[in-house]
Amino acid sequence: NNCSPSWNHICEIEDWSPGDTLLFTVWDKDWCSRDDFLGRCELPLVSTEFPEFEGEIKLQQAGRGIEAYLSIRVLAGTRHKR
């Protein structure tokens, strides 16, 4: 329960093509009520090589007057240690 939560998720996406898009949908977790939608963002995979991206993407639909960002690090084509 803080304003800068961290979710260090690692996954492997094996079947992708240039032009595909990663869609991130962000929710909070409530134990006693429904989870709240916090926003969504997209990361296009435009490179013909393995895409890499590290930075912030602004969440869309985060609420009126709210500017929220998702920090993302994508390393494709390599295996890395946790």
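The accessible surface of the protein comes to about 7400 Å², of which 49% belongs to carbon and sulfur atoms, with areas taken from the Shrake-Rupley method with a 1.4 Å probe, where for residues only the protein chains shown count as cover. Please keep in mind that this is a predicted model, in which local features need pLDDT of at least 70 and side-chain atom pairs count only at pLDDT 80 or more, while totals for chains, interfaces and linings use all residues. Residues are numbered from 1 along each chain as its sequence is written, and side-chain values use heavy atoms, with hydrogens and water left out.

The protein has zero helices and four strands, these being DSSP runs numbered from the N terminus (helices H or I, at least four residues; strands E, at least two). Of its 82 residues, 18% count as buried, meaning under 20% relative accessible area, with exposed over 50% and partly exposed in between (1.4 Å probe, protein chains only).

Turning to the rings, the structure holds one aromatic pair, and W27 and F37 form it edge-to-face, at 5.3 Å centre to centre with 70° between the planes. Rings of Phe, Tyr and Trp (its six-membered ring) pair if their centres lie within 6.5 Å, and planes under 30 degrees apart count as stacked, over 60 as edge-to-face and the rest as tilted. W27 is in strand β1 (residues 21-27) and F37 in strand β2 (residues 37-44), 10 residues apart.

Finally, A68 lies in the loop between β3 (52-58) and β4 (69-75), and its C-alpha is 9.7 Å from that of R40, 28 residues apart in sequence.
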